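Visitor: I have the model open and a few points to settle. Could you take me through them one by one?

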Amino acid sequence: MEGISISEFGSILMMQGFNGLSVFSVLLLMALGLAIIFGQMGVINMAHGEFLTIGAYTTFVFSYLTQTYFPSLMSTYFLFAIVGAFIFAGLVGLLVEWLLIRHLYKRPLDSLLATWGLSLIMQQIFRSTFGAKEVSATLPDWLMGSWQPTDTIDIPLNGLFVMGLTIVLTCLVGLFMYRSRLGLKMRATTQNRVMAGAVGINTAMVDRMTFVLGCGIAGVAGAAFTTIGSTGPTSGSLYIVDAFLTVVFGGAQSLLGTLASAFTIAQTNSTLEFFMTGSMAKVITLLSIIAILMMRPEGLFSIKVRK
Amino acid sequence: MTISKGMQWSRAELASVLILAAVILIVLPLALDIFRLNLVGKYLTYAFVAVGLVLCWGYGGILSLGQGVFFGLGGYCIAMFLKLEASDPESTKIQSTPGIPDFMDWNQLTELPAFWVPFKSFTWALIAMLLVPGVLAAIVGFAMFKRRVGGVYFAIITQAIAAILTILIIGQQGYTGGVNGITDLRTLHGWDIRTDSAKYILYYVNAALLIGAVIGVRYILKSKLGKLLIALRDKEERVRFSGYDVASFKVFMFVLAALLSAIGGAMFTLQVGFMSPSFVGIVPSIEMVIFTAVGGRMSLVGAVYGSLLVNWAKTFFSESFPELWLLFMGGLFIAVVMYFPNGLAGIVDQFMKKRAAARAAAPTPPLVTEPVAPAVGALSPADATASPAPQPLADQQVRA
Amino acid sequence: MSAYFLEIEDLTVSFGGFKAIDGLNLYVDRDELRVVIGPNGAGKTTLLDLICGRTKATAGSIRFKAKELTSLPEHKIVRFGVGRKFQNPSIYENLTVFENLEISFPRGRGVLGALFFRRTQDVIDRVHEVAREIFLEDRLDEPAELLSHGQKQWLEIGMLLMQDPELLMLDEPVAGMSVAERKKTAELLKRICRNRSVIVIEHDMEFVKSIADKVTVMHQGKVLAEGPMDKVQADPRVIEVYLGH
């Protein structure tokens, strides 16, 4: 550590910042799904991390199958895997919504406990299917290596890709929520369920689609996750607390808040990691969030409304 | 007339507590060998947490997913004292710094950290065991409840606190013993806690304290304070505008639940002989909630049976079918929420009502009434009848 | 110059730019029963929210018995003698009528006080006295959820009477009541406004006529008119915004 120049220090900070961006991407995608589902249905989905895991395992399976049967397609499989992760996580979400979630609307604490149970079951299923050992998807060549804008800065391509993917997906979700017909119905149901039902919106269907969408996004987060880490049965559950804090910290109703809060949390953590051990960085990040939430429980972004 | 009805114990309530006392003070010690009894003793330390959760969650509507924090802090305070006693210079003379706990030596610490020093005194350890968790709960409670934060937000924040404490303990292994925890505890003022006789004594102390806790919390629920808790769940605003400082009641409940957990943790350390972060974090904390839910979140006696049953099942599964345990536990969470919101106490209550109805219908009672298994039969119909059914946890007052 | 019991001056509250109460002045005397009327959204309920501390004022002052209330927390305002009934009957359905009234008895309001509260004879006497007043003496042991809608309204008024407040605020106390119940309620209100001020929000004009000393008409967060009922009823502005419709 001794004798590093100012410019080297700057480069390290910059790279640390990019590390933070990978975490930011995963957190943001997780939190987006959680926020939409909570806002819409009042359901706390503790099994959300497992949908990330589904996405990650889906990517792994795609990679395995491609490598075994169509090695020539290795350079493009990952794009299909992303779509596959979305679809597969969404389908499982559809099933879960039908079996469990629809009985738990507007019962946040009950849904929290029940979905925790669901997450245990899903983890065990992963373990029985893929084994307790972590697996890794083989990444296409174009995701390996790094980009070196200067001699001292070294930014891994996979991190850049994940970030790009996150930005695209976030924009799509934003467009979907604010421009599409279904998005309009979702927002209507969130704001006034009874009224939405009265004007002919099939709120049960809207709820189901919301849940599926949230799970699908988590699936994509899982695909993104495979580029920065290996996948085990509990990979997703490691993010659940952080993701919930992200939602709460951002102010549960606001997409922009979720974005800002995911960025703040990931960057704080990653910057602190440069100065201290990983665990202390995490402790200080979480403690700061809680301290801020205690002073400002409504989160970073919120609108004062008349009750 | 309403003279003082409702403030006194009904016969059924009294019976449920007496049966519980008989089960854990007489039946179990007679039926089990010391190894199994010690296990039961361990399960009963979780029952302290569960009893606290009945008060705080069942009656108060405040779901804490961080009770492991208080359990752990209580346990660690006692473990620190015991560890110092086990680390006298004589028995640690092979270390590079004799007289400090072994894990400190492994982590190149050369003297006892300042916050460990007071724990040489048992009195201080006992005070700290209640003070540390109590103050933490009070701070968190004040900060949250004064700002009307409750429901899911509170649950998530307490869960985050559990995560933080675990990471801290594991990360600072030189000061805390890390992931292994504080192990190899031997004596309390020279009294060897590992012997069978000590285990018997500790079991009885634990069981007696637990019965005391059940009676104490029952007293609270019977007082006007208990009525206020029901009122608070019904119409929090009305209570506030009847001149009550609602936040202080919630803080009181949360602190009391934390203190009960801490006592459980301390008794855990004494009976099991170690304390580790695996009893502090997110997973153990939420499991403690499920003990409560299985027993019945509105039933104090039920919470004790819930802790016993779920932990017994856990031991059984992990001995015989380890891969099924998570599936079972997961199913339990879902089943309790979806089908048995009042847990075992609710089931027993329904059963008793049906039987009473059947009896009323047929004047001649059946010759043999099948007794329910003693443990389940003891489950307080009283408990369930005395308490209103929990609302479908209408805790959507995320912020009231 | 504390001539009045309750003095509200230049009271303003805005929600994200929208002024629900806008520079409002209101003075109420002791022993007075004041009725506040006005179209929906005029700010009537918000006014009560502000007085009892449920909503914090953006500007202005609320003085009661010469003490400023705007900075006090809700429970202290209540303990200072302000009682408030909500628009929907707000009672504890899972407790008995007796327990509902008992909880409102102004003793043992702290944590320890509640823990060691004893149901002494004076509590019992007071509960029975109030229960007689609100026509529920024979229902004391029943769970409150079994009461009719009108009886729940009475029970909530009774819970306020237990506190013996000096300022009593009732938000639509006769909503959902039968004609007979309304008559009984009118008598009840006339009886209980002795030695205190009472503010009632109500839409039912017949009922208002039967109880009001003085009527305040609110419109868009301001006082539009004030005075005896017949004078207010004849006011063209009042007819325009409220009565005429």
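Visitor: What is the mean pLDDT of chain B?

Guide: pLDDT is the predictor's confidence in each residue, from 0 to 100. In chain B, 88% of residues reach 70 or more, and the mean is 87.

Visitor: How many contacts does the stretch 365-400 of chain B have beyond near neighbours in sequence?

Guide: Two residues are in contact if their C-beta atoms, placed from the backbone, lie within 7 Å. The pLDDT over residues 365-400 of chain B is below 50. Where pLDDT is low, the predicted coordinates should not be read in detail. Beyond near neighbours in sequence, the model gives residues 365-400 of chain B 87 contacts.

Visitor: How are α2(B) and α11(B) oriented to each other, roughly parallel or roughly antiparallel?

Guide: Helices are DSSP runs (H or I, at least four residues), numbered from the N terminus. Helix α2 (residues 34-59) and helix α11 (residues 246-272) of chain B pack with axes 8 Å apart, at an angle of about 175 degrees. Angles run from 0 to 180 degrees between N-to-C directions, with axes fitted to C-alpha atoms over the stretch in contact. Angles over 145 degrees count as roughly antiparallel, so α2(B) and α11(B) are roughly antiparallel.

Visitor: Which helix gives the largest share of the side of chain A that touches chain B?

Guide: The contact takes 35 residues from chain A and 40 from chain B. On the chain A side, α4 (108-130), α9 (240-250) and α11 (278-295) each supply at least two residues. The largest share, 14 residues, comes from α4(A).

Visitor: Which strands stand at the edges of the six-strand sheet of chain C?

Guide: Strands are DSSP runs (E, at least two residues), and two of them pair if DSSP finds at least two bridges between them. The open sheet has the order β6-β7-β8-β3-β9-β10, with mixed pairing. Each edge strand has a single partner, so one side of it is left without a neighbour; these are β6 (82-85) and β10 (222-227) of chain C.

Visitor: Is C:E99 buried or exposed?

Guide: C:E99 lies in helix α3 (residues 97-103) of chain C. A residue is buried at 20 or more other C-beta atoms within 10 Å of its own, exposed at 12 or fewer, and partly exposed in between, with C-beta atoms placed from the backbone. C:E99 has 25 within 10 Å, so C:E99 is buried.

Key: Residues numbered from 1 in each chain as written. Chains lettered and ligands numbered in written order. Predicted model: local features only at pLDDT ≥ 70, side-chain atom pairs only at ≥ 80, totals over all residues. Parallel < 35°, antiparallel > 145°, perpendicular 65-115°, else oblique.
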